[in-house]
Amino acid sequence: MFRMGKEEIDAVTRVINSQALFRVNNGAKECDNFEKELREKIGVDYAILMSGGTGALISALVGLGIGPGDEVIVPGYTFMATASAVLAVGAIPVLAEINESMTLDPADVEKKISSKTKAVVPVHICGFPADLDALKAICKKHGLKLLEDACQADGGSYKGKRLGSIGDAGAYSFNYFKIISAGEGGAVLTNDRKVYERALIYHDGGAAFRPYAGDLQEPVFTGSQLRVSEITGAIMREQLKKLDGILTDLRAIKAKLMESIGEGKDYRFIPSNDIKGDCGTTLAFNFDSEAKARKFAGAVEGTWLPIDSGKHVYINWDPIIEKRGGHCDAVNPYKMAENAGLALDAAGADACPKTLDILKRTVYISLHCDWDEKKISSLTESCKKALATL
Ligand SMILES: Cc1ncc(COP(=O)(O)O)c(C=O)c1O
């Protein structure tokens, strides 16, 4: 959460005064308006606001028709939700390596494709755009769906198009830690009417009774309950107005730091698949050894190694490594008859050694869009000092 204040307080007050807190109430317009405004800003035909990024990933996978019998390729470096969403629809996550951009390595994706692969889920982790041209080409060649996990990259872009709008579907998160936030929240984005309808049906267990049900081409099936209240919709409308300003300021701060710190013989900034579209939330250094990465991180306050980020590193995804993919065997994809013969060991502890090596040699600094010149120059100085004594 970067910027929140009076505008959001006024928006919440407006909803409470209206007494229309349920998005299906007569006169309720906040969630509908947010979805329209999000569609326009991101450049997609359909958007569904919901309770979180995990729900958005699950709904999008349902939308794309993924289920038991399918393998889905995800990176070994992402929040566990990317992989657990695959299990939630009954499919099997297959881990692929990242490259030094910190995002899915297209060459390894190609190696992990089998006759059962149905989709690839690149993650724009820390706002770094994934190599979407290469991944799209692979998906096209093999007839796979591309779902962008843009949960850490709300509003970022790749070659002029917003992240989340480029694949067959995209997922945003608006949880507390994200670029725009209502504390919790998420969205599915797509240009595909069928994906939209299926995600819409899944995210609202009451879909059969909604006024729009009559317009749906897809038969209504039972789903879940991932709707949000008008309060979330109202907060998110204000947050959306702030999105581009936040991104502009983050990008300017990151560019200033990169220019003033510069690269050296022991380290470089991580390569970007599109530095203009990068969200600017994270400055990342790639060192030639873990020892140097740790020495630098030990000397500069506010730095951290992604290998230490627990839930974002696949070796820490215990329920997945131990194949507990559901609350009982009948709904655990690792035990389902439909999944027999699939790559059930493809998310094991030794799945992605290259990813672990990169995560150990990388150091992050999380940036804030409201940092002033003084903060930027003191950070520059402490980085330069630490880098000079590696
Ligand atoms: C890459 C990634 N995917 C998915 C999610 C899940 O989002 P949420 O917490 O909104 O369910 C997160 C949240 O941190 C994330 O970072």
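Which residues does Leu61 touch, not counting those up to four places away in sequence? In this predicted model, the contacts of Leu61 beyond that range are Ile66, Ala85, Val86, Val89 and Leu147. Both Leu61 and Val86 are among the residues that touch the most other members of the largest nonpolar core, together with Ala60, Ala187 and Val188. This core comprises 120 residues, and helix 8 (residues 230–261) gives the most to it, with 9 residues. In soluble globular proteins, nonpolar side chains tend to be buried together.

The shell around the ligand consists of 14 residues, of which Gly52, Gly53, Thr54, Cys151 and Ser173 come nearest. By residue class, the shell divides into 9 polar, 4 nonpolar and 1 charged. At least two residues of the shell are supplied by helix 3 (53–63), and at least two by helix 4 (81–88).

Strand 1 (residues 46–50) is mostly covered, with 5 of its 5 residues buried. In a regular strand the side chains alternate between the two faces of the sheet. In strand 1, Tyr46, Ile48 and Met50 point one way, whereas Ala47 and Leu49 point the other way, and all are buried. Strand 1 is joined by 5 bridges to strand 9 (residues 186–190), and the two run antiparallel. Within this pairing, Met50 stands opposite Gly186 of strand 9.

In helix 11 (residues 353–360), the buried residues include Thr355, Leu356, Ile358 and Leu359. Viewed down the axis of helix 11, the buried residues fall within an arc of 165°, and therefore line one face of the helix. Strand 13 (362–366) is included in what covers the buried residues of helix 11.

A further buried position is found in a loop. Ile166 is placed in the loop between strand 7 (161–162) and strand 8 (169–173). Ile166 counts as buried because it has 25 C-beta neighbours inside 10 Å, the threshold being 20 or more. Neighbours within four places in sequence aside, Ile166 is in contact with Leu132, Glu148, Tyr158 and Lys161. The C-alpha atom of Ile166 is separated by 20 Å from that of Gly280, a residue 114 residues apart from Ile166 along the chain.

Definitions and conventions
Residues numbered from 1 in each chain as written. Predicted model: local features only at pLDDT ≥ 70, side-chain atom pairs only at ≥ 80, totals over all residues. Near = placed C-beta within 6 Å. Helix = DSSP H or I, 4+ residues; strand = E, 2+ residues; numbered from the N terminus. Nonpolar A, V, L, I, M, F, W, Y, C, P; charged D, E, K, R; others polar. Core = buried A, V, L, I, M, F, W, Y, C linked by C-beta atoms within 7 Å. Buried ≥ 20, exposed ≤ 12 C-beta atoms within 10 Å, placed from the backbone. Contact = placed C-beta atoms within 7 Å. Arc of directions from axis to C-beta. Pairing = 2+ DSSP bridges.
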